[in-house]
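Q: I've got a new model to go through and I'm still learning to read these. Could we take it piece by piece?

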Number of protein chains: 2
Amino acid sequence: MVEANNAKFWRAVPAPCVGYVWAYMSWGQYGRDVSSATDQIAAYASQTPAAGDGLDAWVLDIDDTCLSNLPYYQAKQFGAYDPTAFKAWASRGTCPGIPAMVRLFWTLKGGGFRVFLLSGRDEEALGASTAANLAAAGFAGYDRLILRYVRLSSVVFKSAERRRLVEEGYRIRGNVGDQWSDLQGDCAGDRVFKVPNPMYFVP
Amino acid sequence: MVEANNAKFWRAVPAPCVGYVWAYMSWGQYGRDVSSATDQIAAYASQTPAAGDGLDAWVLDIDDTCLSNLPYYQAKQFGAYDPTAFKAWASRGTCPGIPAMVRLFWTLKGGGFRVFLLSGRDEEALGASTAANLAAAGFAGYDRLILRYVRLSSVVFKSAERRRLVEEGYRIRGNVGDQWSDLQGDCAGDRVFKVPNPMYFVP
């Protein structure tokens with residue numbers, strides 16, 4: 001229901017689903033599903049190769065697309081969003097890199113694409129820790145780390161930032177996120193790819 | 001991958017997935033997932049009740065949304081689309097109604113919504129058998145059965161027909177389909193709901 005965007009605006013994993021989500025995330029199916037998604041993405045990227053003028057771009061979300069917050073959500077049993085606790089977790093800079101997405105990142109870079117990391121994380125509070133976390137997790141050589149510096153909803157902020165990239169001349173060949181709000185709105189990209197996330201919903 | 005619209009333009013269920021799709025469709029999980037979707041839909045519809053002026057509408061797709069083609073695809077082992085064989089199957093008018101969707105149909109009608117059935121089935125070849133099949137399956141009292149009468153892609157045809165409804169004054173409160181192409185394009189509806197279909201892809 002979440003992956004097809006039928007279930008919207010949910011605030012926490014419903015109690016009867018907690019065991020299911022725990023098992024899905026912890027026992028391998030999640031990792032296999034992310035790998036299936038990155039296989040699809042790599043296949044699509046190879047069909048539309050970068051032109052060589054340095055303007056073919058991919059946009060990747062960060063939280064639970066490049067970096068995993070699973071340790072945090074496991075510890076809190078997949079409860080509702082808690083901005084203070086999440087900020088404390090994220091500021092430690094210890095989110096594991098999601099292995100298939102690290103590989104995809106290097107595949108895209110190897111294919112000559114510019115890679116932009118676009119996140120709703122607060123730039124002032126989490127900018128330094130996020131940059132350090134990305135580096136530690138294997139994401140090096142991205143073109144720009146774009147974090148939220150204004151109070152806007154995810155769709156509005158990300159649409160505006162993608163529009164800015166397009167106005168700079170970049171062609172957004174693909175856009176990858178774990179939330180539908182990463183993938184909707186303006187200048188979404190030639191194709192969008194959703195990676196699974198049954199843990200939380202960002203409107 | 002299919003439900004999140006990551007996998008596009010596939011022509012047949014890949015061989016390693018045939019057993020999985022068969023089990024998913026045949027052993028209950030499909031029916032439970034459709035029921036979960038219709039629970040979501042009914043909950044949403046009850047939150048945005050019909051105004052009483054007869055202009056609040058829902059659009060439902062037919063194939064593998066209201067009527068099931070599972071017997072046909074099981075018999076052919078989920079192979080690639082075969083227009084002649086499919087037409088022969090559909091013209092028999094024996095597609096089972098999908099139980100949760102029959103219930104949803106009556107719930108929507110009971111809530112005062114107009115229900116439009118919008119399908120890419122060919123009107124000339126399949127109009128009579130489709131109307132009879134719908135009646136036999138329990139779908140009675142829909143407002144209009146709109147079948148394809150021009151050669152257009154699914155998204156273009158369905159967008160044009162939905163636009164026509166909007167121009168007639170209807171407010172499309174929701175739109176339900178098993179294909180993303182049912183749910184994208186113009187006048188898609190205030191909310192769209194995707195029911196699962198791992199059997200085939202309509203671009």
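Q: How many bridges join strand β4 (residues 171-177) of chain A to β5(A), and in which sense do the two pair?
A: Strand β4 (residues 171-177) of chain A and β5(A) pair in the parallel sense, and four bridges join them; two strands count as paired if DSSP finds at least two bridges between them. G174(A) is the residue that stands opposite R191(A) in β5(A).

Q: Before I go on, how should I read the labels and the values?
A: Residues are numbered from 1 along each chain as its sequence is written, while chains are lettered from A and ligands numbered from 1 in the order in which they are written. This is a predicted model, in which local features need pLDDT of at least 70 and side-chain atom pairs count only at pLDDT 80 or more, although totals for chains, interfaces and linings use all residues, and side-chain values use heavy atoms, leaving out hydrogens and water.

Q: OK, and in what order do the five strands of chain A sit in the sheet?
A: They form an open sheet in the order β3-β2-β1-β4-β5, with parallel pairing; helices (H or I, at least four residues) and strands (E, at least two) are DSSP runs, numbered from the N terminus. The edges are β3 (144-148) and β5 (191-194) of chain A, each of which pairs on one side only. From one strand to the next the twist averages 20°, where axes are lines fitted to C-alpha atoms, for helices over the stretch in contact, and angles run from 0 to 180 degrees between N-to-C directions.

Q: What lies across the strands in chain B, and at what angle to β2(B)?
A: Helix α7 (residues 154-167) of chain B lies across β1, β2, β3 and β4 (171-177) of chain B, and it runs at about 150° to β2(B).

Q: Which side chain does the side chain of D56(A) make a polar contact with?
A: Its partner is the side chain of R173(A), at 2.6 Å; a polar contact is a pair of N or O atoms within 3.5 Å, and within protein one must be able to donate a hydrogen and the other to accept it, while residues adjacent in sequence count only if both atoms are side-chain atoms.

Q: And where is N69(A)?
A: N69(A) is found in the loop between β1 and α3 (70-75) of chain A, where it counts as buried because its relative accessibility is 0%. The side chain of N69(A) makes a polar contact of 2.7 Å with the side chain of W89(A).

Q: How many salt bridges are there over all chains?
A: The count comes to 24, a salt bridge being a side-chain nitrogen of Lys or Arg within 4 Å of a carboxyl oxygen of Asp or Glu. One of them joins K158(A) to D61(A), whose closest N and O atoms are 3.0 Å apart. K158(A) is in helix α7 (residues 154-167) of chain A and D61(A) in the loop between β1 and α3 of chain A, so this pair links parts of the chain 97 residues apart. K158(A) is buried at 3% relative accessibility, and D61(A) is buried at 6%.

Q: What about D182(B), which residue is its salt-bridge partner?
A: D182(B) forms a salt bridge with K158(B), with the closest N and O atoms 2.7 Å apart. Because D182(B) lies in helix α8 (residues 180-183) and K158(B) in helix α7 of chain B, the pair ties together parts that are 24 residues apart in sequence. Both D182(B) and K158(B) are buried.

Q: Last one: how much area is buried between chain B and chain A?
A: It is about 1300 Å², of which carbon and sulfur atoms give 56%; buried area is the accessible area (1.4 Å probe) that two parts lose on being put together, summed over both. M1(B), N6(B) and R191(B) supply 41% of the area that chain B buries against chain A, more than any other three residues. Across this interface the rule finds zero salt bridges, but it finds four residue pairs in polar contact, both at pLDDT 80 or more.

Notes: Contact means heavy atoms within 4.5 Å. Buried means under 20% relative accessible area, exposed over 50%, partly exposed in between (1.4 Å probe, protein chains only).
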